[in-house]
Amino acid sequence: MPLVAGIDSSTQSCKVVVRDAGTGVLVRQGRAPHPDGTEVDPRAWWDALLAAVAAAGGLADVAAVAVGGQQHGMVCLDAAGEIVRPALLWNDTRSADAGRELIAEAGGGEAGRRFWAEATGSVPVASFTATKLRWLARHEPANADRVAAVCLPHDWLTWRLAGAPGLAALRTDRGDASGTGYWSPRTGDYRLDLLERAFGRQVAVPAVLGPAEPAGQLHPAALAGAGPAGDVLLGPGTGDNAAAALGVGAGPGDVVVSVGTSGTVFAVADTPAADPAGAVAGFADATGRFLPLVCTLNAARVLDAAAALLRVGLDELSELALAAPPGADGLVMVPYLEGERTPDRPTATGSLHGLTLGSSTPAHLARAAVEGMLCALADGLDALTAQGATARRIILVGGGARSAAVRRIAPQVFGRPVVVPPSGEYVADGAARQAAWVVLGGAEPPPWTIGHPEEYAGEPVPAVRERYARSRELVVDRLDPAADG
């Protein structure tokens, strides 16, 4: 069987895996870091991709490559294909007001939210590309005037792998297009009228490909001599969550909970979602189906922050959390440390509630941090099931899933069995599986089985979520430092 490569260009790093197209067996892999920040020059992603490919031993022997990338990021190009300004990433919240403006312009309140949900599957928030375009038009008109095309991080990287052959050659897929705010999962078409409403005029956008439709061929010079000698197909790529669903083989009744930089809760569905409340984003997936999804801004970094506060490592934080009783004797952490996307509270702050002399211990704080992070994700699970998703078990992935405390406490919070696949690069694996689909053909992606998951079960503890629900209504917004004089 031929070899294929999957690339995960995430917020924090670029990962490359090379796998057997027929079996999914891992042959080799590499990675390289990305710079921090909520706006990044896309050329840093390209440099990291080159470094990760080199660390993986090059791609001279692969038959196809596909890219899974962080969703929503705004990459603006001028008429010559040059980058206009650093990309605004999904976690940049400066366009929150733009989201509210777009809802107000569509009728405001429930009517405005319903309009956007029915038109694009999602209600505008700061994460989406459409709101970032509105921000650009409002705050950087000179840069906005230069924009000839807008695309997403994975689109831009695929285009670069093809040799950047002109703006007309930009390509994307349903999964990533569905997170822009100007493409409809229900109809499968762009809503260019909504792009124009957001930006003030129309610009070029990538063509949307089918799940296994090639996006072109890898340009011989794209990887600076490290690439293949023969023809190599480029998969359409997709957004990171759709790629992760492919990577873990999520099926009916499975809900994937990813504990990474962001927290995501999503399920593969046969029908599109449209939640006017805005909690559930009605995305498409990478197989021709749909991917209703809830995203939180605060996930694994909540554990990092708690560990830093207690001056311990993550393993010790986990041990401390498991040493405290379920519910942490009433201590509750609401983990809105970076504002929050779901619920839409971009300026909210984190908070602790129920602190007593008895709960003033490192173990109780560690437990509250883990439970608070999981409760925020469980709120997302509730929103999904309210939209009709079936949740028989939870597939727990992401860096935060390596925590023993997260694995063992999750069934108590979610109230369902939890399975944890073997540690891996699920987004890159999903991109590789898509690349294999492009090479091998067929109506569905190849049926890879990668390792055996660990299973966790436990009795739910309703009091944990009940206390959290009361406490989350008490959070306050970030104060303006200038107001303190």
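**Pocket, helix packing and a salt bridge**

Modeller: In this predicted model, the lining of the largest pocket draws at least two residues from each of β2 (13-20), α9 (240-248), β17 (263-266), β19 (290-296), α10 (300-310), α11 (314-323), β22 (393-397) and α14 (426-440).

Colleague: What volume does the largest pocket have, and which residues are closest to its centre?

Modeller: The largest pocket holds about 1100 Å³ of space. Of its 49 lining residues, Gln12, Gly260, Thr261, Gly398 and Gly399 are the closest to the centre. The lining comprises 18 nonpolar, 20 polar and 11 charged residues.

Colleague: Why are α11 and α12 called roughly perpendicular?

Modeller: The angle between α11 and helix α12 (residues 362-386) is about 100°. Angles of 65 to 115 degrees count as roughly perpendicular, and α11 and α12 are therefore described that way. Their axes are 7 Å apart.

Colleague: Which residues make the contact, and how do they divide by type?

Modeller: α11 contributes Leu317, Leu320, Ala321, Leu322 and Ala323, while α12 contributes Pro362, Ala363, Ala366, Arg367 and Val370. These divide into 9 nonpolar, no polar and 1 charged.

Colleague: What makes the pair Glu39 and Arg85 a salt bridge?

Modeller: The N to O distance between the side chains of Glu39 and Arg85 is 3.3 Å. The criterion is within 4 Å, so the pair qualifies as a salt bridge. The structure holds 28 salt bridges.

Colleague: Which parts does the pair tie together?

Modeller: Glu39 is in strand β4 (residues 39-40) and Arg85 is in the loop between β6 (75-77) and β7 (87-88), so the pair ties together parts 46 residues apart in sequence.

How values were computed. Residues numbered from 1 in each chain as written. Predicted model: local features only at pLDDT ≥ 70, side-chain atom pairs only at ≥ 80, totals over all residues. Heavy atoms only, no water. 1 Å grid on protein atoms, 1.4 Å probe; cavity = no way out; pocket = protein on both sides within 12 Å on 5 of 7 lines; lining within 4 Å. Points joined across faces, edges and corners; volume = space filled by probe spheres on them. Helix = DSSP H or I, 4+ residues; strand = E, 2+ residues; numbered from the N terminus. Nonpolar A, V, L, I, M, F, W, Y, C, P; charged D, E, K, R; others polar. Axes fitted to C-alpha atoms, helices over the stretch in contact; angles between N-to-C directions. Parallel < 35°, antiparallel > 145°, perpendicular 65-115°, else oblique. Contact = heavy atoms within 4.5 Å.
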